[in-house]
Structure formats: structure tokens, C-alpha cells
Amino acid sequence: MIRNVIFDFGAVLFQWKPLQIVQTFTQSVDEQNILMREVLAHPDWLQVDRGTMLIAEEIPKFAARTNISVQRMEDFFSHIQLSLEKIPETEALFFKLLDQNYPLYYLTNMASAFFETLYEKHHFISFFDGGVVSRKELTMKPEPEIFHILCERYGLVPH
């Protein structure tokens, strides 16, 4: 029997298509490859999600590593935030579950700026009963600790 429903944000409630993000940011295939390899697929990206580094701290590092200007890198991060559009089918499921009175939670790996932008832009996030964002907990999926935090904080029984 389902007692609670937990949603992820990236690629579940919101679009997360890194290749599409870089392709809509720049026409340059070289720049696309650099942004994919040296930003989105780089271990520093995980530090931003984990919350151990702020985007403002990482942008100069990404810029230096890629030889892309700080301003251009800031533009790229803004573009990423604007690219996180909701997935209509999942939003519809969310509201269907909400109407059926299921307790709804979120668990996501995400940087502060991205989460705050989504929260401000999408009113339905306030309807969740609670959630955990990696950047606040300094741990991230798939590490067991983040799942334990969610369960303990909201009294959820995993089985």
C-alpha cells in the first residue's frame, strides 16, 4: 500500500536534459563539448549540488578551466535555471495525488540558486508536505544519508 509519494526534481518534475541545455545556449559545437565536459559532467558540479561549494565560488573556477569568460559562464548558469521547465505529465500526476490526499515529498540534488528559482517560479512546490534538497544537507543521492534524513525528518518508514 502506498502511504507517501516522493518526487525528484531533475528529470522527474522538471526537465533536465544537459545536452539540450548546452545546445540551446550556444551554436558552437566546441563550446557545447567544453560546457558538457568541464561544467555539467565535471566533479565540481557535484560539489555545487552537494552544497559544499556555492555557484558564485565555482563560476570563476569553471571559467578558468574552460577559458570561457566569467560573464559568459554566469550567462550559462542563468540559462540552466531558465531551462528547468516543469514536465506537464508529472505535474498532472502531482495534482492527482494531491487531490487523493497522498502526503507528497521531494528529494533532490540541487544547488541553492536553482532550487530557489524553481520555488519562486512554480507555485505548486509549496503544496509539498516537505522535502530535502542536497545543498542544505551536504549529502546527495545516491548516498544513503540523504534518504535517512528525509525519512527521519518526516517520520517516513521506508518499507
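Is Glu31 buried or exposed in this model? Glu31 is buried, with a relative accessible area of 14%. Buried here means under 20% relative accessible area, exposed means over 50%, and partly exposed is in between, using a 1.4 Å probe and protein chains only.

Quick ground rules. This is a predicted model, so local features need pLDDT of at least 70, side-chain atom pairs count only at pLDDT 80 or more, and totals for chains, interfaces and linings use all residues. Residues are numbered from 1 along each chain as its sequence is written, and side-chain values use heavy atoms, with hydrogens and water left out.

Back to Glu31. Glu31 sits in helix H2, residues 29-40. Helices are DSSP runs of H or I with at least four residues, strands are runs of E with at least two, and both are numbered from the N terminus. The Glu31 side chain makes a polar contact with the side chain of Thr26, at 2.7 Å. A polar contact is a pair of N or O atoms within 3.5 Å; within protein, one must be able to donate a hydrogen and the other to accept it, and residues adjacent in sequence count only if both atoms are side-chain atoms. Not counting residues up to four places away in sequence, Glu31 touches Phe25, Thr26, Ile68 and Arg72. Contact means heavy atoms within 4.5 Å.

Next, the strands. Take S2, residues 104-108. Five of its five residues are buried. Leu104, Tyr106 and Thr108 point one way, and Tyr105 and Leu107 point the other way.

What does S2 pair with? Strand S1, residues 5-7, runs parallel to S2, and three bridges join them. Two strands pair if DSSP finds at least two bridges between them. Ile6 has Tyr105 as its bridge partner in S2. S2 also pairs with strand S3, residues 130-133, in the parallel sense over four bridges. There, Thr108 stands opposite Val133. From S2 the chain crosses through helix H7, residues 112-121, to S3, and this β-α-β crossover is right-handed. Right-handed means that, with the strands pointing away from the viewer, the path from the first strand over the helix to the second runs clockwise.

Stay on Tyr105 for a moment. Tyr105 is buried, at a relative accessible area of 8%. Leaving aside neighbours within four places in sequence, its contacts include Asn4, Val5, Ile6, Phe7, Phe128, Leu150 and Leu156. Tyr105 and Pro18 are 25 Å apart, C-alpha to C-alpha, and 87 residues apart in sequence.

Now the cores. The largest nonpolar core has 36 residues. A nonpolar core is a set of buried Ala, Val, Leu, Ile, Met, Phe, Trp, Tyr and Cys residues joined through side-chain atoms within 4.5 Å. Those with the most contacts inside the largest core are Phe9, Val39, Met73, Phe76, Phe77, Phe114 and Phe128. Beyond neighbours within four places in sequence, Val39 is in contact with Ile34, Trp45, Phe62, Thr66, Met73, Phe76 and Phe77. A second, separate core has eight residues, among them Leu107, Val132, Ile149 and Leu156.

On to the rings. How many aromatic pairs does the structure hold? The structure holds 23. Rings of Phe, Tyr and Trp (its six-membered ring) pair if their centres lie within 6.5 Å; planes under 30 degrees apart count as stacked, over 60 as edge-to-face and the rest as tilted. Take Trp45 and Phe77: their ring centres are 5.8 Å apart and their planes are at 40°, so the pair is tilted. The pair links distant parts of the chain, with Trp45 in helix H3, residues 43-50, and Phe77 in helix H5, 32 residues apart. Both Trp45 and Phe77 are buried. Ring pairs also link a cluster that includes Phe7, Phe9, Phe14, Tyr106, Tyr119 and Phe128.

A cis peptide bond joins Lys141 and Pro142, with omega about 10°. Pro142 is in the loop between helix H8 (134-137) and helix H9 (144-154). Ala11 is not a glycine, yet has a positive phi of about 70°. Ala11 lies in the loop between S1 and helix H1 (18-25). Asn67 also has a positive phi, about 65°, and is not a glycine. Asn67 is in the loop between helix H4 (55-66) and helix H5 (70-83). At 72% relative accessibility, Asn67 counts as exposed.
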